[in-house]
Amino acid sequence: MHDDRFLVEARLDRALRERIRPAVYSRSATLDVARWDAPGEPVPVAEGLAAPYAEANVGDAWGPPWGTTWFRLTGEVPDGWAGRTVELVVDLGFDVFATGFQAEGLVYTAGGTAVKGLNPRSAWVPVADAAAGGESVEYFVEAAANPAIGGPVTPMGDPQTAGTGPLYRLVRADVAVLDTEVWELVQDLEVLDGLMRELSDESPRRWEILRAVERALDAVDLWDVAGTAKSARQELDGVLTKRAEQSAHRISAVGHAHIDSAWLWPLRETVRKVARTAANVTALMDDHPEFVFAMSQAQQLAWIKEHRPEVYTRVREKVAAGQFVPVGGMWVESDTNMPGGEAMARQFVHGKRFYLDEFGIDTQEVWLPDSFGYSAALPQLVRLSGSRWFLTQKISWSQFNAFPHHTFWWEGIDGTRVFTHFPPMDTYNSELSGRELAHASRNFRDKGYATCSLAPFGHGDGGGGPTREMLARARRTADLEGSPRVVIEPPAAFFTGAEEEYGERAPVWSGELYLELHRGTYTSQAKTKQGNRRSEHLLREAELWCAAASVYAGAEYPYERLDRLWKTVLLHQFHDILPGSSIAWVHRQARETYAAVADELGEIVDAAQTTLAGTGTGSVVFNAAPHARDHVPALGAAPVTGTAFTAPQPAGAGYVLDNGLLRVVVDAAGLLTSVYDVRADREVLAPGAVGNLLQLHQDLPNFWDAWDVDVFYRNTVTDLAHGGTVTVEDEGLRVERALGASSVTQLLRLPAGEPRLDIDTEVDWHEREKFLKLAFPLDVHADRSAAETQFGHVFRNTHTNTTWDLAKFEICAHRFVHVAEPGYGVALVNDSTYGHDASRTTRADGGTTTTVRASLLRAPRFPDPETDQGVHTFRHALVAGATMADAVREGYRINLPARLVPGAGTVEPLVSLDADAIVVEAVKLADDRSGDVVVRVYESLGGRATALLCTGFPLAHVTGTDLLERPLDGARGYDVTDDSVRLTLRPFEVVTLRLRRA
């Protein structure tokens, strides 16, 4: 037989495209159109419905960028359509390949009931009460003119630069008859086509399907598709009813719409996106009782509740029915590299509590399909939140190394393990196409031991969710020869089955899930990152001092304000906001929001400290850090002592700063030529090298501008080693230098009695596609670096023995990076920098230079063409002779500066510990308003530790709890003696204690 595959396949393509799909709607009638262009921002639904509409027509242009146009569509269902399936078909000017990334709409009845969302792949609306024909039709469409954001440079990411010209034209507004037989024929052909193309040329099944398709095409009269569709479908029955192989891979299909809470659209648009998607999926559930949809961000459900209560009512009904399944247990799908430990814990607290309060559901799945790598602290937090399972697929994007497992146990820095799954389909936006199903089956790396995987399906990123076409594919592939078996079920059903099947034999991955991509997100949009870091520490201060004021002075604890502020900060940790990968509008609003958060938290802290400081003519220093400093106890307050700085002394062409512990030599250009540790009698800097060296790199990654730095950026570098000027200040040295179109000003200070050099840097940044680093070449033989992460630190190799090591050429750290050889270490601490690198080289003298660099600024041009332009301030400190405990302490110190408040006396800490290894991360009042004090502590050095926790108030009882402050099952007992309790923690263990006051 001749090989005519390509002929039949091409014939099928054209027949579907030009004849069969267009025949899905057999009759149509154009509706009358009226419009109202909303001025400015979106308006409430009632206002849109009652607005003054003007006559309009199909073909009219509409929608300035980010604008909203309300369309009123009216007409009648023709009498001859009685008994047929009648729908509205509305095309707002769609591009079928950009669902969620362009114009969208939400359809309402005249009474204000949300009916369904509109997008390029779901442009239909069911018409109610059309059975008899002749009925009037009236619907309203809230149409959003969201621009398509395309690179490499676009002004569309902010209404201030996007212009006012219309972006779209109304292409179609019809009432139409859906020919269900033709629609089903389309689904049959598409499923078989997708399956056939994935089978090998040698497969008899492929040829069997090809011949059935050929017969079906022969049976179709291309001028009377509706009249011959049934006959064509009969030709396909034989191949559609053949059952799957006994060993076929099993795919648990879960409806989903991964909606970015902000990205190429602002937060306010996501409020509408989630309403459109929720309206879509609840409508689908009415017609498809087998359909299950998982939604993963509590914030998005809270938006629906607040802004679209009628949609939320429908959501609650479907949650009760088991079709709409809340998952994730987090406030948003956050970044997990940069949020601090307490913030990461609060993601779970606020997410899980919302689901418990609203639906009575204690979610078990942590659902993070699209974040840019996963912290090694997460497994412990997942379990401490009361969850069991973890899902992502993003690691499949890695540049260098293919991850070896799809189902496995993930072990965190403390040894906690969580059962984890990566969908082998390598997408969270599956359409359940033949290509995707075949890829999942072929790609699954745990064959022979496990037989099942999960597939989230539905249009995501910009929303939309599953379609009826996807559900049709799922039905046809439930038991189809040549295809994996597809079953629609909740995520918990998959995880339960997978753990039962494979849990005892599943492999273990220990440590972080590092994404070998999107490393630039540790640095892009510096002000967003600074806003996050400072908000986290202000929240710590607010809770601590408000709890102390409540316990010691009876002050009212601001539960509602702190709850609201926490949720605001958690929202902005979403994985396209905090990483710096959103449009200009998002980051402009983030800067404004962080400033407002700082102002309000400052007011809360000031009020609490004023209450605690009392009256008097002196000053009181408040220390919110978990370590004592300047004779002020940790978490307490005492009369002021102050910090003195060492005066600079001239030395040749430069200057010397010497406090008896550290002697720092600064040359005439402002570079460190020596940092001598007097105590250890050794030089910190590598021979012949200079520290405080600013280095400028070209930075044009291959694909994702704001997201990526590619390893080749290191191939070219400009050392800013000349042209600086140094002037003497009262407390240190001021260094000024030009940097292309930019400028840098630094203040170098050496505090008395401390082995650290403080470096304050201000950059007026006007570069494009450049990467600015601050380098410290150290005379330390370190084979690994330690970078702080949530509730501990993670080690990464400084060598590049393997591609796994090479891939980590840019790393994320929180407050410190520490490098050490046996007996000696150095820490670089920061107040707002996340991106770093640590590498080593061998010198001519045989010694090792370990270079630690902080990533200060980037200047990508997409999606925000003005990324990071303007003035930025950074604070770093180089800590000589630092142990890990020193690095932890100095990291807290630089992020929690002491506060000077008028008053007298001291404030005893609410809690204190007698061992530095165990660190207090949070002190607050219990969320249930019982008045109990809640303390969260962790072991910070990576070893076992014991400490005595003492309280500043009479202590009656201590209970170990989970993150949600619920008693832990099987928790160890705590014996209270003299208002104290003995704690023993394993390495990096996080412990939450509820302290009941006597």
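## Exercises on loops, rings and charges

Gln 525 sits in the loop between strand E22 (508-510) and helix H14 (526-553). Helices (H or I, at least four residues) and strands (E, at least two) are DSSP runs, numbered from the N terminus. The model is predicted, so local features need pLDDT of at least 70, side-chain atom pairs count only at pLDDT 80 or more, and totals for chains, interfaces and linings use all residues. Residues are numbered from 1 along each chain as its sequence is written, and side-chain values use heavy atoms, with hydrogens and water left out.

### Exercise 1: Backbone angles

Task: State the phi of Gln 525, then decide whether Gln 525 is buried or exposed.

Solution: 
- Step 1. Take the angle. Phi of Gln 525 is near 60°, a positive value in a residue other than glycine.
- Step 2. Apply the cut-offs. Buried means under 20% relative accessible area, exposed over 50%, and partly exposed in between (1.4 Å probe, protein chains only).
- Step 3. Classify. Gln 525 has 3% relative accessibility, so this residue counts as buried.
- Step 4. Turn to Phe 988. Its phi is also positive, near 60°, and Phe 988 is not a glycine. The residue belongs to the loop between strand E51 (980-985) and strand E52 (990-997). At 7% relative accessibility, Phe 988 is buried.

### Exercise 2: Aromatic rings

Task: How many aromatic pairs does a search of the whole structure find? Which kind of pair do Trp 66 and Trp 585 form?

Solution: 
- Step 1. Set the rule. Rings of Phe, Tyr and Trp (its six-membered ring) pair if their centres lie within 6.5 Å; planes under 30 degrees apart count as stacked, over 60 as edge-to-face and the rest as tilted.
- Step 2. The search of the whole structure gives 35 aromatic pairs.
- Step 3. The ring centres of Trp 66 and Trp 585 are 5.4 Å apart and the planes stand at 75°, so this pair is edge-to-face.
- Step 4. Trp 66 is in the loop between strand E4 (61-62) and strand E5 (68-76), and Trp 585 is in helix H16 (residues 584-613), so the pair ties together parts 519 residues apart in sequence. Both Trp 66 and Trp 585 are buried.
- Step 5. Phe 101 and Trp 263 have ring centres 5.7 Å apart and planes at 85°, so they are edge-to-face. The pair links distant parts of the chain, 162 residues apart.
- Step 6. Phe 101 is partly exposed at 23% relative accessibility, while Trp 263 is buried at 11% relative accessible area.
- Step 7. Widen the view. One aromatic cluster is formed by Phe 101, Trp 263, Trp 265, Trp 397, Trp 704, Trp 707 and Phe 862.

### Exercise 3: Charges over rings

Task: Which ring face does Arg 533 lie over, and which does Arg 749 lie over?

Solution: 
- Step 1. A charge sits over a ring if NZ of Lys or CZ of Arg is within 6 Å of the ring centre and within 35 degrees of the ring normal.
- Step 2. Arg 533 is over the face of Tyr 834, 4.5 Å from the ring centre.
- Step 3. Arg 749 is over the face of Phe 645, 4.2 Å from the ring centre.

### Exercise 4: Salt bridges

Task: How many salt bridges does the structure hold? Examine the pair of Asp 158 and Arg 588, then the pair of Glu 208 and Arg 205.

Solution: 
- Step 1. A salt bridge is a side-chain nitrogen of Lys or Arg within 4 Å of a carboxyl oxygen of Asp or Glu. The structure holds 95 salt bridges.
- Step 2. Asp 158 and Arg 588 form a salt bridge at 2.8 Å, N to O. The pair links distant parts of the chain: Asp 158 in the loop between E10 and E11, Arg 588 in helix H16, 430 residues apart.
- Step 3. Asp 158 is buried, with 6% relative accessible area. Arg 588 is buried too, with 17%.
- Step 4. Glu 208 and Arg 205 form a salt bridge, with the closest N and O atoms 3.1 Å apart. They are three residues apart in helix H4 (residues 204-219), so about one helical turn separates them.
- Step 5. Glu 208 is partly exposed, at 26% relative accessible area, whereas Arg 205 is buried, at 4%.
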